[in-house]
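The exercises below are to be worked through with the sequence and the coordinates side by side. Each task is followed by a solution that goes step by step.

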Amino acid sequence: MVSVDAPFPPRPDLKALSSLPLFRHIPCDLIIPLVKDENTICYYHDGEVILHQGDPAESLFILLHGQTRIIVDGIFLVARKPYDLFGELAFINHTTRNATVVAQGTVQALVLHASLVERLMTDATFTSNLLRLVAEKLDEATQERAFRFRNEALLFSEFRAHLSPEVAQRLLTTGKRYGTPRYI
């Protein structure tokens, strides 16, 4: 985490937090602890890891300023922008983090610790807002998967056009090992 010397917007107040998608129409008494708690706003430098894949889920994050990169097993999946939520999947499923989140530029994030999230989840409106945000991310992932599958299908059709069906099937069955040098 970085020092607060960086030029960031001021600490969000009750009105600013109430306008975030996750907190829309939430009773003020549930949001006030976020405003009062000094530990809810965190700052990160470019390249700093915010969440590690495999870590326990102890909090949710809302990006307030900057961008993050979501990385799984060293592969970049998606970028998150201000007001996006991240870290919710492991928290909801009570599992470990399934991705690493890295700051892209300087990042300001609202950190919702487990005890606070559990209290917020007793409010039906908060839970509905959370479900809506998760559904939006699921839709985004579905669209991205469809785009990649279309490209893979195109690539495989071009690849198969130059090989016999038997050779193409053997290559697909063998996977990465096919290209490994070997003595015959």
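A polar contact is taken here as a pair of N or O atoms within 3.5 Å, where, within protein, one must be able to donate a hydrogen and the other to accept it. The model is predicted.

**Exercise 1. Determine where K137 lies, whether K137 is buried or exposed, and which side chain K137 joins in a polar contact.**

Step 1. K137 is found in helix α5, which covers residues 124–160.

Step 2. The relative accessible area of K137 is 18%; since buried means under 20%, K137 is classed as buried.

Step 3. When residues up to four places away in sequence are not counted, K137 touches E88 together with R80, L85 and F86.

**Exercise 2. Describe how strand β1 is covered on its two faces, and state which strand β1 is joined to by four bridges.**

Step 1. In a regular strand the side chains alternate between the two faces of the sheet.

Step 2. In β1 (residues 41–44), I41 and Y43 are on one side and C42 and Y44 on the other, and all of these are buried, so that both faces are covered.

Step 3. Four bridges join β1 to β6 (residues 100–113), and the two strands run antiparallel; I41 stands opposite L110 of β6.

Step 4. Y43, at 8% relative accessibility, counts as buried, and the side chain of Y43 makes a polar contact of 3.2 Å with the side chain of Q108.

**Exercise 3. Identify the residues with the most contacts inside the largest nonpolar core, and the elements that give two or more residues to this core.**

Step 1. The largest nonpolar core has 23 residues, and L22, F23, I62, L110 and L112 are those with the most contacts inside it.

Step 2. Two or more residues of this core come from each of α2 (28–36), β1, β3 (59–72), β6, α4 (114–120) and α5.

Step 3. Apart from this core lies another, of 14 residues, which includes C42, L63, F86 and V101.

Step 4. L22 touches, among others, I62 and L112, and the list of its contacts also includes L85, F126 and L133, with residues up to four places away in sequence not counted.

**Exercise 4. Find how many aromatic pairs the whole structure holds, and work out why the pair of F61 and F86 is classed as it is.**

Step 1. A search of the whole structure finds two aromatic pairs.

Step 2. The ring centres of F61 and F86 are 5.2 Å apart and the planes stand at 10°, so this pair is stacked, the cut-off for stacking being planes under 30 degrees apart.

Step 3. Because F61 lies in strand β3 and F86 in strand β5 (residues 85–86), the pair ties together parts that are 25 residues apart in sequence.

Step 4. Both F61 and F86 are buried.

**Exercise 5. Locate Y83 and H94, which have positive phi values, and state whether each is partly exposed or exposed.**

Step 1. Y83, a residue other than glycine, has a positive phi near 80°, and its place is in the loop between β4 (75–80) and β5.

Step 2. With a relative accessibility of 48%, Y83 counts as partly exposed.

Step 3. H94, although not a glycine, has a positive phi of about 55°, and H94 lies in the loop between α3 (88–93) and β6.

Step 4. The relative accessible area of H94 is 69%, and H94 is therefore exposed, the cut-off being over 50%.

Conventions:
Residues are numbered from 1 along each chain as its sequence is written. This is a predicted model: local features need pLDDT of at least 70, side-chain atom pairs count only at pLDDT 80 or more; totals for chains, interfaces and linings use all residues. Side-chain values use heavy atoms; hydrogens and water are left out. Buried means under 20% relative accessible area, exposed over 50%, partly exposed in between (1.4 Å probe, protein chains only). Contact means heavy atoms within 4.5 Å. Two strands pair if DSSP finds at least two bridges between them. A nonpolar core is a set of buried Ala, Val, Leu, Ile, Met, Phe, Trp, Tyr and Cys residues joined through side-chain atoms within 4.5 Å. Rings of Phe, Tyr and Trp (its six-membered ring) pair if their centres lie within 6.5 Å; planes under 30 degrees apart count as stacked, over 60 as edge-to-face and the rest as tilted.
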